[in-house]
Amino acid sequence: LWTFLSNGTGFDKPVVAWNSTFSWDWDRSEPFAGDFNGDGKTDVGVFYNNGQGADGRNKTTLWTFTSDGTEFGAPAATWTSDSSWDWNRSLPVSGDYNGDGRTDVAVLYNYGQNAEGINQVRLWTLSSNGAGFDAPVVQWYSGATSWNWSRSKPFAGDYNGDGKDDIGILYNNGQAADGR
């Protein structure tokens with residue numbers, strides 16, 4: 001994990017802030033940033049694909065690297081799925097969704113198509129409790145509206161200025177009949 005610290009007009013040379021001492025698979029990692037413990041310093045979160053267990057269920061872990069202002073601590077497993085959570089169907093995005101000063105994680109999750117061919121998506125949140133993350137809670141379900149997960153690019157920001165981050169999704173509506 002390298003950091004390029006900003007000096008206000010550019011960036012300082014890159015510095016190694018953490019180096020893996022065990023097998024960490026880059027292809028199984030989805031990183032994002034946020035102040036997960038509320039100490040005023042931005043930490044790094046990684047949604048990590050642990051593959052399938054012997055029971056055939058998918059396992060996903062949320063790791064956090066806590067910043068002390070100079071470097072990052074060793075990654076800590078702050079949430080692990082206890083049901084079959086498929087990393088390949090997850091689009092995580094971080095933000096302070098409840099306005100408590102700690103960064104939470106939202107995940108747009110792909111459930112595929114139902115029997116009628118309608119795409120099914122849910123938006124889950126994992127709220128930070130300062131030491132880890134609470135169990136995921138469904139915040140939105142696409143229901144009868146066919147929402148194509150693979151056409152979605154989620155991101156977070158406080159769009160209405162109320163002190164709580166919101167979710168935006170850039171959505172690909174495809175091509176119109178006139179070719180646009």
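View 1. At 61% relative accessibility, Phe 11 counts as exposed (exposed is over 50% relative accessible area, buried under 20%, partly exposed in between, with a 1.4 Å probe and protein chains only). The model is predicted: local features need pLDDT of at least 70, side-chain atom pairs count only at pLDDT 80 or more, and totals for chains, interfaces and linings use all residues. Residue numbers start from 1 along each chain as its sequence is written, and side-chain values use heavy atoms, with hydrogens and water left out. Phe 11 lies in the loop between strand 1 (2-3) and strand 2 (15-16); strands are DSSP runs of E with at least two residues, numbered from the N terminus. Together with Trp 2, Phe 4 and Val 16, Phe 11 forms a nonpolar surface patch with about 500 Å² of accessible area. Such a patch joins nonpolar side chains (Val, Leu, Ile, Met, Phe, Trp, Tyr) within 5 Å, from residues with over 30% relative accessible area and no salt bridge (a side-chain nitrogen of Lys or Arg within 4 Å of a carboxyl oxygen of Asp or Glu). Areas come from the Shrake-Rupley method with a 1.4 Å probe; for residues, only the protein chains shown count as cover.

**View 2. Surroundings of Thr 3.** Thr 3 belongs to strand 1. With a relative accessible area of 17%, Thr 3 is buried. Leaving aside residues up to four places away in sequence, Thr 3 touches Lys 13, Pro 14, Val 15, Ala 17 and Phe 72, contact being heavy atoms within 4.5 Å.

**View 3. Strands 8 and 9.** Seven bridges link strand 8 (residues 104-113) and strand 9 (residues 119-126) in the antiparallel sense. Asn 110 has Val 121 in strand 9 as its bridge partner.

**View 4. The protein as context.** The protein contains 12 strands and zero helices. Its C-alpha trace spans about 55 × 45 × 35 Å along the principal axes. Of the 180 residues, 36% are buried.

Note on methods
Two strands pair if DSSP finds at least two bridges between them. Helices (H or I, at least four residues) and strands (E, at least two) are DSSP runs, numbered from the N terminus. Patches are made of residues with over 30% relative accessible area and no salt bridge: like charges are joined within 9 Å, nonpolar side chains (Val, Leu, Ile, Met, Phe, Trp, Tyr) within 5 Å.
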